[in-house]
Amino acid sequence: MCGNSELLLALATQSNKLCNSHCVDFSAPTLLCYISLKGSRSFANAPQRICAEKVLKHASSGIMGIELKGKRRILFLCVILALLLFIPTDLKAESSICYGTTANGNLTNGVQLPADGDNFVGYSRIARLAGRTYVHSAVRNIILSSYQHLKTELPHKVFKYAETGFKSGGKFKPHKTHQNGLSVDFMTPVLDEKGNSVHLSTSPFNRFGYDIEFDSKGRYEDLTIDYVGLAAHITALHKNAKSQGYDVWRVIFAPNLQPKLFDTEYGHYLKKHVQFSTKRSWVRHDEHYHVDFKVPCK
Ligand SMILES: [Zn+2]
């Protein structure tokens, strides 16, 4: 019933601190339970209930700097808890605001992508430290929920994201776009000789992977492009963008390699919903694909 809101966890921690001499592990749901049992006579003087009182007093004065007494204090705390439980996570976190276009724009409150997750990694810790992996908060949410979906759909596949942009957006050399938190590069998923999903290697020695060139058959050394993984990822990005009220504006990927993408089971969906670049871009997009998200900007 109570979920895992930060306040509940904080209360649980506080209660342990305050009451560890009297109470066994005092979790947030049990705290609420004790509060609700306040009227029960048999429980009125139980150490747990006395602890719950202490916790309430501490929480209500500590959180808001307000000293309330008795029923008003309980009511006050219940209102706070209810509010926290029903506020969507999105609103609790700071939202980004993008300005202008991907080619001439900037960003406020940009958020950094996590260095890695269960089925994905970033392309470079150095680049991350250099602040090159910031995006719009809506884009981060789309990217992370897509990885989450892929974990269930294709549990053996791994993914790697690459350059995104600066925290405040603006010029992002050598890229021509990536200026307002809505452009993201992803490294092309690949299979090794045994057909296992592996990462393309990215380091300062191959310009963080951007120097890699695939041949016309989608091969590079002993690796081949994992078209299923690639198509599944783009599909997941589009579906998650839509379900969160946004969209994918376009995907840039080498036009001569695109037919293989459309041959996969995801081909029909991609053709119907996703706009792929058809002309050659300023840099060959084979080792990575570039995705521009559609999020309203000022
Ligand atoms: Zn790009």
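Strand 7 and strand 13 (residues 288-294) run antiparallel and are joined by five bridges. Helices (H or I, at least four residues) and strands (E, at least two) are DSSP runs, numbered from the N terminus, and two strands are said to pair if DSSP finds at least two bridges between them. Residues are numbered from 1 along each chain as its sequence is written. The model is predicted: local features need pLDDT of at least 70, side-chain atom pairs count only at pLDDT 80 or more, and totals for chains, interfaces and linings use all residues.

Within this pairing, aspartate 185 has histidine 290 of strand 13 as its bridge partner. Strand 7 also pairs with strand 6 (residues 159-161), in the antiparallel sense and over two bridges. There, phenylalanine 186 of strand 7 stands opposite tyrosine 161.

Strand 7 covers residues 183-187, and five of its five residues are buried. A residue counts as buried if 20 or more other C-beta atoms lie within 10 Å of its own, as exposed if 12 or fewer do, and as partly exposed in between, with C-beta atoms placed from the backbone. In a regular strand the side chains alternate between the two faces of the sheet. In strand 7, Ser183, Asp185 and Met187 point one way, while Val184 and Phe186 point the other way.

Attention now turns to the nonpolar core, a set of buried Ala, Val, Leu, Ile, Met, Phe, Trp, Tyr and Cys residues joined through C-beta atoms within 7 Å. The largest such core has 50 residues, of which Val139, Ile142, Ala231, Val251, Val291 and Phe293 touch the most other members. Elements that each supply at least two residues of this core include strand 5 (134-135), helix 7, strand 12 (247-252) and strand 13. Helix 8 gives the largest share, eight residues. Leaving aside residues up to four places away in sequence, valine 291 touches Val184, Phe186, Leu237, Val248 and Val251; such contact requires C-beta atoms, placed from the backbone, within 7 Å.

Helix 7 (residues 137-153) has 17 residues and reaches 24 Å from its first C-alpha to its last, close to the expected 24 Å. That expected span is 1.5 Å times one less than the number of residues. Among the buried residues of helix 7 are Val139, Ile142, Tyr147 and Leu150.

A further element is an open sheet of four strands in the order 9-8-11-10, with antiparallel pairing. Its edge strands, strand 9 (197-198) and strand 10 (219-220), each pair on one side only. Two bridges join strand 10 to strand 11 (residues 223-225), where leucine 223 is the bridge partner of tyrosine 220.

Note on methods
Two residues are in contact if their C-beta atoms, placed from the backbone, lie within 7 Å.
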